[in-house]
Amino acid sequence: MSTFWVMRQDDNGNRFVVARGLAKDEAERLAAEFEARGHKQLYWTEAERAAPGA
């Protein structure tokens, strides 16, 4: 079974892993929860692979 992480991009274009090791539905729920807060950051989910920037 694949695991997913939640990613965030800030106002300056920097990308960060917010959470990892999640089931797809859990990752999507968390991303939607962060998006609903109304901040300018962008949140999305991706299937896990090697760490970003590694």
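How many salt bridges does the count come to? The count comes to 3 salt bridges. This report looks at them in turn, after a short tour of the chain. The model is a predicted one.

## The chain at a glance

The chain has 1 helix and 3 strands. Read along the sequence, their pattern is β-β-α-β. The chain holds 54 residues, and buried residues make up 26% of them.

Arg8 and Tyr43 are 35 residues apart in sequence, but their C-alpha atoms are 4.5 Å apart in space. Glu26 and Thr3 are 23 residues apart in sequence, with 9.9 Å from C-alpha to C-alpha. Glu26 sits in helix H1. Glu26 counts as partly exposed because its relative accessibility is 35%.

## The nonpolar core

Which residues build the largest nonpolar core? There are 9: Phe4, Val6, Ala19, Leu22, Ala27, Leu30, Ala31, Phe34 and Tyr43. Three elements each supply at least two residues of this core: strand E1 (4–9), strand E2 (15–22) and helix H1 (24–36). H1 gives the most, with 4 residues. In soluble globular proteins, nonpolar side chains tend to be buried together.

Ala27 is one of the core residues. Leaving out residues up to four places away in sequence, Ala27 touches Phe4, Val6, Leu22 and Thr45. Phe4, Val6 and Leu22 are core members too.

## An aromatic pair

The count of aromatic pairs comes to 1. Phe34 and Tyr43 form this pair, and the pair is stacked. The ring centres lie 5.0 Å apart, with 20 degrees between the planes. Why stacked? Planes under 30 degrees apart count as stacked, so an angle of 20 degrees qualifies.

Are the two partners buried or exposed? Phe34 is buried, with a relative accessible area of 16%. Tyr43 is buried as well, at 14%.

## The salt bridges

Now back to the opening count. Side chains of opposite charge can pair when their charged atoms come close. Glu33 and Arg29 meet in a salt bridge at 3.0 Å, N to O. These two residues are 4 apart in helix H1, so about one helical turn separates them. Glu33 is partly exposed, at 36% relative accessibility. Arg29 is partly exposed too, at 46%. Glu33 also meets Arg37 in a salt bridge, at 3.5 Å from N to O.

Another salt bridge joins the side chains of Arg49 and Glu46, at 2.7 Å from N to O. Arg49 counts as exposed, at 51% relative accessibility. Glu46 is partly exposed, with a relative accessible area of 21%.

## A buried charge in a loop

Where does Asp10 lie? Asp10 lies in the loop between E1 and E2. Asp10 is buried yet has no salt bridge. The nearest side chain of opposite charge is Arg8, 4.7 Å away.

What does the side chain of Asp10 reach instead? A polar atom of this side chain lies 2.9 Å from the backbone nitrogen of Asn12. The side chain of Asp10 also reaches the backbone nitrogen of Asn14, at 2.9 Å. Setting aside residues up to four places away in sequence, Asp10 touches Phe16 and Gln41.

## Around Arg8

Arg8 lies in strand E1. Which residues does Arg8 contact, leaving aside its neighbours within four places in sequence? They are Asn14, Arg15, Phe16, Val18, Gln41, Leu42, Tyr43 and Trp44. Tyr43 is also a partner in the stacked aromatic pair with Phe34. Phe16 and Gln41 are also touched by Asp10.

Terms used
Residues numbered from 1 in each chain as written. Predicted model: local features only at pLDDT ≥ 70, side-chain atom pairs only at ≥ 80, totals over all residues. Heavy atoms only, no water. Core = buried A, V, L, I, M, F, W, Y, C linked by side-chain atoms within 4.5 Å. Buried < 20%, exposed > 50% of the residue type's maximum accessible area, 1.4 Å probe, protein only. Contact = heavy atoms within 4.5 Å. Salt bridge = Lys/Arg side-chain N within 4 Å of Asp/Glu carboxyl O. Phe/Tyr/Trp six-rings, centres within 6.5 Å; stacked < 30°, edge-to-face > 60°. Lys, Arg positive; Asp, Glu negative; His and termini not counted. Polar contact = N/O pair within 3.5 Å; in protein donor to acceptor, adjacent residues only side chain to side chain.
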